[in-house]
Amino acid sequence: MKRIKAKSLKRRLIAQLLLFQVGILLLFSVAFVAYLIQAGEGIVLSDPEFADAAGRAIERKADGRLVLNETEQIAKLRQTSPDFWFVARSERGEIVQTGNVPEVYAAMAQHLDRITFGDIRDTKAPFSYLAVIRSTSGPAGDFTVIGKGDVFSMTYAIILLSNLLMVPILVLLVIVTIIVIPWIVSRAFSRLSTVAKEAEAIDIDRRGYRLPETGIPREVMPLVNAINGALQRLDEGHERHQRFILDAAHELRTPVAILQTRVESIAEGPIRNRLLSDAARIAALAEQLLDLQRLDVIGGNFSAVDLVEICRDVAADMAPLAIAQGYDLSLETLLDHLIVQGDAGALRRVVFNIVQNAIEHGGGRGNITIRIERRAVIEIIDEGPGVPATERERIFEPFHRLHPHEHGAGLGLNLVKEIMQRHGGHVVALDSQQGGACFRLSFPV
């Protein structure tokens, strides 16, 4: 089944916010330009460039008189604007004019020494009173010019000016939006990322853990509360399960002990031996269940433990059983001591379980060797059939048996794995050089 790729909420929010911001900016720009166009509809302006052309065309003769030369620019203005006119006043009060000057402006020309700039608009065609006032300079000196040159619609001027003003503003706003919105969204999601990392750390061995609720957005709080509620219910269920196993294991010990006592009173024979073996397995199962419960407190009472001493004790205790089953049990090490931090009882159970596993599955012949290396590694090696490569991970699962009809509850190796993990180490099943199984216990150094 193909896994559907999850869409990024952060990316989707950023894209939607950016599109919204850009849309608002474009809508505002269009509305603003439309308003300016409407406000300037029907209004025309006179191009003030004719004032500079007039200043360059005025020349002072040798006798001091001012004359207007028919320059190329002046001639072009006369062709493009049939009603072209202007009046130029020098600093001395001299007047130079051309074209059909409206009467109202002819009188104003005498007072141009008081006016240096102006735009006079005419809202009705043929725009006879349209004029501009500008200061200019030319070969004959400085002049103040009033006149009318080329006429253009104010609508185009508004569009041009609005584009010149709005385009940079829009570009700046878009750039700021593109930078700011991802920053705001990322900052809002930063706490969610922290919660996600905390959620990844949830493990069955970290009971009582809850996701943090501080700084969480109100919209996400129901999800966090639901997860914490589920964790609470799981913890309560685990505690009930653990109490049941612990109570059942304790309750089993007394009747099993009574059963063993009564069986031992039976006369020697195959039935007695079989009953004793079965009772021993039940007792071992109860002890293993209790050991699993004790794992919860492992770690709080770690102390210095000598692995060499533990292996020596296990070898001495298990040697009679191994010899009775047809094995030679030996301890190989060049070390007098190998100190690690751990729980002595739990680590003794680890070595004991693996040696017992080798006795049960080693084929009833050959050597079982406990080997201790300097780098805090213990290997228990037998010369039996070994463990198939496909089963080397599964044999550490609870209640898993390599062969369905084997004796035992399938908890021994699972207990080994759990204890090693509590000690920061690990256990692996390998092939030995003799062809049997090799269980390697590695401890942190």
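**View 1. The open five-stranded sheet of the predicted model.** In this predicted model, five strands form an open sheet in the order β11-β13-β14-β16-β15, with mixed pairing; strands are DSSP runs of E of at least two residues and helices are runs of H or I of at least four residues, both numbered from the N terminus, and two strands pair if DSSP finds at least two bridges between them. Because β11 (328–332) and β15 (426–431) stand at the edges with a single partner strand each, one side of each is left without a neighbour in the sheet. From one strand to the next, the twist averages 15°. Helix α8 (residues 307–324) lies across β11, β13 and β14 and runs at about 170° to β11, where axes are lines fitted to C-alpha atoms, for helices over the stretch in contact, and angles run from 0 to 180 degrees between N-to-C directions. Residues are numbered from 1 along each chain as its sequence is written. Local features need pLDDT of at least 70 and side-chain atom pairs count only at pLDDT 80 or more, while totals for chains, interfaces and linings use all residues, and side-chain values use heavy atoms, with hydrogens and water left out.

View 2. Thr369 belongs to β13 (residues 367–373), which is joined by five bridges to the antiparallel strand β14 (residues 377–381); the bridge partner of Thr369 in β14 is Ile381. With a relative accessible area of 10%, Thr369 is buried, a term that stands for under 20% relative accessible area with a 1.4 Å probe, protein chains only. Leaving aside residues up to four places away in sequence, Thr369 touches Ser330, Glu332, Glu379, Ile380 and Ile381, a contact being heavy atoms within 4.5 Å.

**View 3. Aromatic pairs.** The structure holds four aromatic pairs, counted where ring centres of Phe, Tyr or Trp (its six-membered ring) lie within 6.5 Å, with planes under 30 degrees apart called stacked, over 60 edge-to-face and the rest tilted. One of them, Trp85 with Tyr105, is stacked, at 5.5 Å centre to centre and 20° between the planes. Trp85 lies in strand β4 (residues 85–90) and Tyr105 in helix α4 (residues 103–108), so this pair ties together parts 20 residues apart in sequence; both Trp85 and Tyr105 are buried. Phe396 and Phe439 form an edge-to-face pair, at 6.3 Å centre to centre and 80° between the planes. This pair links distant parts of the chain, 43 residues apart, with Phe396 in the loop between β14 and α10 (412–422) and Phe439 in strand β16 (residues 437–442).

Terms used
Buried means under 20% relative accessible area, exposed over 50%, partly exposed in between (1.4 Å probe, protein chains only).
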